[in-house]
2 protein chains.
Amino acid sequence: MQQPVQKRSLFVGIDIGGTKILAAVATPEGRILARAKKKTLPKVATFPQDPVWLSERITETALAAIEKAGVPAEAIRAVGVGAPGPTNIYTGRVLTAVNLPGWHNGFDLGPVLSEALNMPVYVDNDVNVGLLGEHTFGAARGLKDVVGLFVGTGLGGALILDGKLRRGFRWSAGEVGHTYLYWPGQQPMDIEHIASRGAISKQLTSELNKGRSPILESILSQRSDRRITSGVIRKALAKGDPATQRAIAQTQEAIAVLIASIANLLDPEAFVLGGGLVESLGESFLEPIREKAYPLFFVRHRVEEVQLMPAALGDDSGVLGAVALAKSLAD
Amino acid sequence: MQQPVQKRSLFVGIDIGGTKILAAVATPEGRILARAKKKTLPKVATFPQDPVWLSERITETALAAIEKAGVPAEAIRAVGVGAPGPTNIYTGRVLTAVNLPGWHNGFDLGPVLSEALNMPVYVDNDVNVGLLGEHTFGAARGLKDVVGLFVGTGLGGALILDGKLRRGFRWSAGEVGHTYLYWPGQQPMDIEHIASRGAISKQLTSELNKGRSPILESILSQRSDRRITSGVIRKALAKGDPATQRAIAQTQEAIAVLIASIANLLDPEAFVLGGGLVESLGESFLEPIREKAYPLFFVRHRVEEVQLMPAALGDDSGVLGAVALAKSLAD
């Protein structure tokens, strides 16, 4: 039998990704009681451009998680949401979300969800929320300053400075994937064009098309979708595929230089690295980054105290971060 | 006749540069009553390595300014100092100062000056102090978030985030000149190797040595020291010297890319650009930077509200910033 649940004692965390919506019901301590998942976009040729359509799907995911937890709606104190775009946390408006049809010109996600669920809803940018999760429940607990770098399809970032998420003047801080690689005479290039799982996949696809990567080819031939996932990259590295080794080394070097530049600018206490690629490759991915980054820190004083650590929450950083957001903002 | 001065109503601001020490006596509103100046290093072949030697010179400069102001020591409430290195503002210790003999391993400047002057002394990094001056008395008054970039011998930076100087975990924030230019396959290079008056002078010296810059040569021939100062660069641009135009364009492009990367990371309200080169060239230097930087801001929402402005205090930003520091920290 389920124990009786205190009124307003639980939180719902929602993570809106480009491919899936995750929702979880959790305690204030971050213990997850139940989860639900839906695909973000339906399998139809023409996706409805009505922005409300997606918010209904998000509502359903939240309600499914609450139902699975077996708790009444009154048990939920507040709902937190991580949204894939810059978000005004006071109004709950997602200002733009380039990857979501109908949300390009912004969407009042907080008010719409709040009315649909009849619960207080707090919305923030998904990468901010992920770092807040690591700061509240994960690798970065107790740290005053931490820079989060999340290496996935793109390269996402977020900042906690002086114990607080840095949201920015236009709610747009942390867009670290759009740090520019630049060399005199070259056109500036987004670092995520080199340093992301997406960039690596693209580069390796080009190598495969030229027949230059037989090891990777043999790994992919076992997958019907032939997608170069983080898991595929891990296997290709383990088998010594040279093209994959080169692409990973390039990514590590770019991330190391980025970390050093950010360290010289912001002088944070720690960097937390997460995202699918980091989770999949683990310490063998991080160690070469540390080796390249630290010598580039300009001020050498106490340099050994600056931490460069892996994220701890994995796929749960989004929903747990959303729980942390709701917990920190709920009255 | 001097009006009687209220006890503890004035501040002394001290700016320790690589070539000169400036001191000023000022009101809490930033009105300068008197100034004094001394060369930082004496003209002797072997400079004394005793770190106290320099602090005595700093003390003398402060006392000279107080004497010129014609006020008694009791009129001074506190002394602020900008020091050329990372500084622990709680202890007044300069942690390292590579350009000052005897200070490499740190120096307790605050306590030493405080004892010598018998006044409360507050010390911070010189670039932090300069930006604080612009924030308190200059171009950035009233702004919540501002990034300061100072283009001089090197490229210095400082950050005010959420209304407060960002000093960093190791007192080392703002070292923006050590942001890395990076391109896959290249060794990372400090941006100040391209974007500083020092870098431009070096590049132009090499052009001169190859006989490639007759316009600049004719300007320099009128100076006994043949130094490529910011003023010389301004004249060479005005006369259409192609080598100088190229060097300035390269600097502008690098600074524009840097500003865009910082905007994407921190999303500040404003950038304030100062330093000798910016003061000398003015708007004609800034406008091409704006034109190149804004299109590189990733989030377009309200991009036109982000300001990119010139500093207002010129050479006084150091002493007035030191006054602002003393004013903000004095009890």
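Tutor: Let us begin with a term: buried area is the accessible area, taken with a 1.4 Å probe, that two parts lose on being put together, summed over both. Please keep in mind throughout that this is a predicted model.

Student: How many Å² do chain A and chain B bury between them?

Tutor: Chain A and chain B bury about 5,100 Å² between them, and 62% of that area lies on carbon and sulfur atoms. Within the share that chain A buries against chain B, Phe169(A), Arg170(A) and Trp183(A) supply 18%, which is more than any other three residues. Counted by residues, the contact takes 53 from chain A and 53 from chain B.

Student: How are the two chains related to each other?

Tutor: In general, two copies of a chain are related by a rotation about an axis and a shift along it. Here a rotation of 180 degrees, with 0.0 Å of shift along its axis, superposes chain A on chain B with an RMSD of 0.0 Å, and that is why the relation is one of a two-fold axis. The same surface serves both copies, since 100% of the contact residues of chain A recur in chain B.

Student: How many salt bridges does the rule find across the interface of chain A and chain B?

Tutor: The rule finds six salt bridges across that interface. One to look at is formed by Asp267(A) with Arg170(B), where the closest N and O atoms are 3.2 Å apart.

Student: Which element gives the most to the side of chain A that touches chain B?

Tutor: That is α7(A), with 10 residues. Along with α7 (242-266), the strands β9 (155-161) and β11 (180-181) of chain A each supply at least two residues of that side.

Student: How should I read the sheet?

Tutor: As a general idea, strands of a sheet pair through backbone hydrogen bonds, either parallel or antiparallel. In chain A, five strands form an open sheet in the order β10-β9-β8-β13-β14, with mixed pairing; its edge strands, β10 (164-165) and β14 (307-310), each pair on one side only. Strands β8 (residues 146-151) and β13 (residues 270-274) of chain A run parallel and are joined by five bridges, and Val147(A) has Phe271(A) as its bridge partner in β13(A). Helix α9 (residues 283-293) of chain A packs on the sheet, touching β13 and β14, and its direction makes about 165 degrees with that of β14(A).

Definitions and conventions: Residues numbered from 1 in each chain as written. Chains lettered and ligands numbered in written order. Predicted model: local features only at pLDDT ≥ 70, side-chain atom pairs only at ≥ 80, totals over all residues. Heavy atoms only, no water. Pairing = 2+ DSSP bridges. Helix = DSSP H or I, 4+ residues; strand = E, 2+ residues; numbered from the N terminus. Contact = heavy atoms within 4.5 Å. Axes fitted to C-alpha atoms, helices over the stretch in contact; angles between N-to-C directions. Least-squares fit on C-alpha atoms with pLDDT ≥ 70 in both. Salt bridge = Lys/Arg side-chain N within 4 Å of Asp/Glu carboxyl O.
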